[in-house]
Each structure stands twice: as C-alpha cells, then as structure tokens.
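Keep the picture open beside you as you read.

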Amino acid sequence: MRLNRYLARAGVASRRGADEIIAAGRVAVNGAAVTELGTTVDPASDRVELDGVPVTLPESLTYLIINKPAGYVVTMSDPQGRPTVSDLVPGAPAGVVPVGRLDAATDGLLILTNDGDLAYRVTHPSYELDKVYRVVARGVVTKESRRLLETGLDLEGRLTAPARIEVLSTEHHTTTAEITIHEGRKRQVRRMFEAVGHPVRSLTRIRVGPVGLGDLRPGTWRDLTEDELQALRIALGLENG
Ligand code: URA
C-alpha cells in the first residue's frame, strides 16, 4: 500500500495532505525517515510513525450519519465543555471524526468517518459534491435575490459558485427554500441569504451527495448503507460506476 494511502486510511490526513507530511520528513518507516512520495508499505509488517508516534490502521472503516440538533458543536471534544457531536455517538471507534462543518446553530445531516480520503473529497469544492439545505429565511425572496443567490455573490471578495434554489413556500413574511451548493465556506448559506437581505431563521442540511437525511430522528445516528456508501464513492471518483 502506498504510504500516503496508509496515512489517509489511518485518518491522519487526506492523501494529498499525507504527501505534504511525507515530503516534510515527518514520517518514518521501520525507524528510518522517508520523504519519497512513492514509498510503499506492508501494513502487516511495517512500522509507520508520524513525528515519532506510531500510526496504525483502524481495524475497519466506519461511516455514520447523524441528525445533528442545533446547539451541538461539530467537533469530537470542546475545551469550553459545550455539547459536541461525540455525545451523540458515544460508542464510535477512535479516529471517527465529523466530515466538514455545520454551525452549532445548524441542524441536520452530518457524516462521521475514519476514512480520511473520503472525508477530504466530501468537503473539497473541487469534487463538486452537492450539499442541500432547507432554509427558513425572513422576508419574501424576490426573483432578483434568487438570481443573485444562484449565479454567485460576493462574500469577502470572492464570488460564490453557482447554486440552485427551489422556493417551497412564501408565507407570513417568511420564505422556505432548498438551496444546493457544493462549497463549504464558513456560514456560507447564512451569509448568502444575509447578503440579499433575508436573514436565516433556521437551517437544516438534508442531503450530502447521494446521502439523504430521510426520517432519521434528531439526535440519533445510523450506519451508511452499502448502497449509500457505494453511491458516495462513485460520486467522489473513488470507484467506477
Ligand atoms: N451554511 C451555513 O451557513 N451554515 C452551515 O452550517 C452550513 C452551511
């Protein structure tokens, strides 16, 4: 197995991130530092260390989804002692971490895994994996606002990538819509709606690529099904369709 894949499998970094770590001379195999990017290792017999600390492969890869309630911070441990998503998956194997970010105030679908490669691809915009959010926003979203949201608007000097909006209802000075984006910039959906004058009242992620939230109850988790995992791997170019 190539060393970068080994490190990604171990949850250390993405494969590309692992290459940087290797090139920086931080990895040793059987006690000797390696910087050669093509290095291969035998997981059964070779000893791999990062900064002198042994790196072992998880016994198996774990893929979970949770329906995160608002108020939970997307991290496995919080120095400030706030509730975190690890409280929702108490028995998760070591190395299982949330994939990408959701604001504490946002609820909905969050994937957790110890597969570093898959995690990297889900979040990196170059893989263009759609994320779908249900948005309840103040005011009635006009055609012009919708066009701006869809074609791209300036957030901190950089245009957002094209998005898709489906308005589900406009009543009581409130718009409920679904927005599909593949970027994951900080507070992106909230900032996009704020930028067109419609502050977000509630935000729920309902889909990540081929994986939907379905009727998973808030605060609970389940394993990804084989079919979901396969579809996700195909969408991310990790497997041929
Ligand atoms: N966009 C946001 O504004 N917040 C999230 O949590 C996710 C997307």
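This is a predicted model: local features need pLDDT of at least 70, side-chain atom pairs count only at pLDDT 80 or more; totals for chains, interfaces and linings use all residues.

Start with helix 5 (residues 188-195), which gives the most to the shell around the ligand, with 3 residues. A word on the labels: helices (H or I, at least four residues) and strands (E, at least two) are DSSP runs, numbered from the N terminus. Residues are numbered from 1 along each chain as its sequence is written, and side-chain values use heavy atoms, with hydrogens and water left out.

Which residues surround the ligand? They are Leu-102, Asp-103, Thr-106, Tyr-133, Arg-187, Gln-188, Val-189, Arg-190 and Leu-203.

Now look at some backbone atoms facing the ligand. A polar backbone atom of Asp-103 is 2.7 Å from an oxygen atom of the ligand, and one of Arg-187 is 3.2 Å from a ligand oxygen. Taken alone, the ligand exposes 230 Å², and the protein buries 96% of that. Accessible areas like this come from the Shrake-Rupley method with a 1.4 Å probe; for residues, only the protein chains shown count as cover.

Back to helix 5. It is mostly covered, with 6 of its 8 residues buried. Buried means under 20% relative accessible area, exposed means over 50%, and partly exposed is in between (1.4 Å probe, protein chains only). The buried ones are Gln-188, Val-189, Arg-190, Arg-191, Met-192 and Phe-193. What do they pack against? Their partners are strand 8 (131-138), helix 4, strand 9, strand 11, strand 12 and strand 13 (200-208). Just after helix 5, Gly-197 takes a positive phi of about 85°.

Ser-145 is buried, with a relative accessible area of 8%. Its side chain is joined to that of Thr-142 by a polar contact of 2.9 Å. Within protein, a polar contact is a pair of N or O atoms within 3.5 Å, where one must be able to donate a hydrogen and the other to accept it, and residues adjacent in sequence count only if both atoms are side-chain atoms. Leaving out residues up to four places away in sequence, Ser-145 touches Val-196 and His-198; contact means heavy atoms within 4.5 Å.

Helix 3 (residues 116-123) is another covered helix: 6 of its 8 residues are buried, so it is largely enclosed by the rest of the structure. At its start, a side-chain oxygen of Asp-115 reaches to within 3.2 Å of the backbone nitrogen of Asp-117.

Next, visit Tyr-6 in helix 1 (residues 3-9). Is Tyr-6 buried or exposed? Tyr-6 is buried, at a relative accessible area of 4%. Beyond its neighbours up to four places away in sequence, Tyr-6 touches Met-1, Val-41, Pro-43, Val-48, Val-55, Thr-56 and Leu-57.

Most residues other than glycine have a negative phi. Glu-156, however, has a positive phi of about 50° although it is not a glycine. Glu-156 lies in the loop between strand 9 (154-155) and strand 10 (158-159), and is exposed at 73% relative accessible area. His-173 has a positive phi too, of about 55°. You'll find His-173 in the loop between strand 11 (164-171) and strand 12 (174-181), where it counts as exposed at 65% relative accessibility.

Finally, zoom out. The protein has 6 helices and 15 strands, and buried residues make up 45% of its 241 residues. Its C-alpha trace spans about 65 × 40 × 35 Å along the principal axes.

Definitions and conventions. A residue is near a molecule or strand if one of its heavy atoms lies within 4 Å of it.
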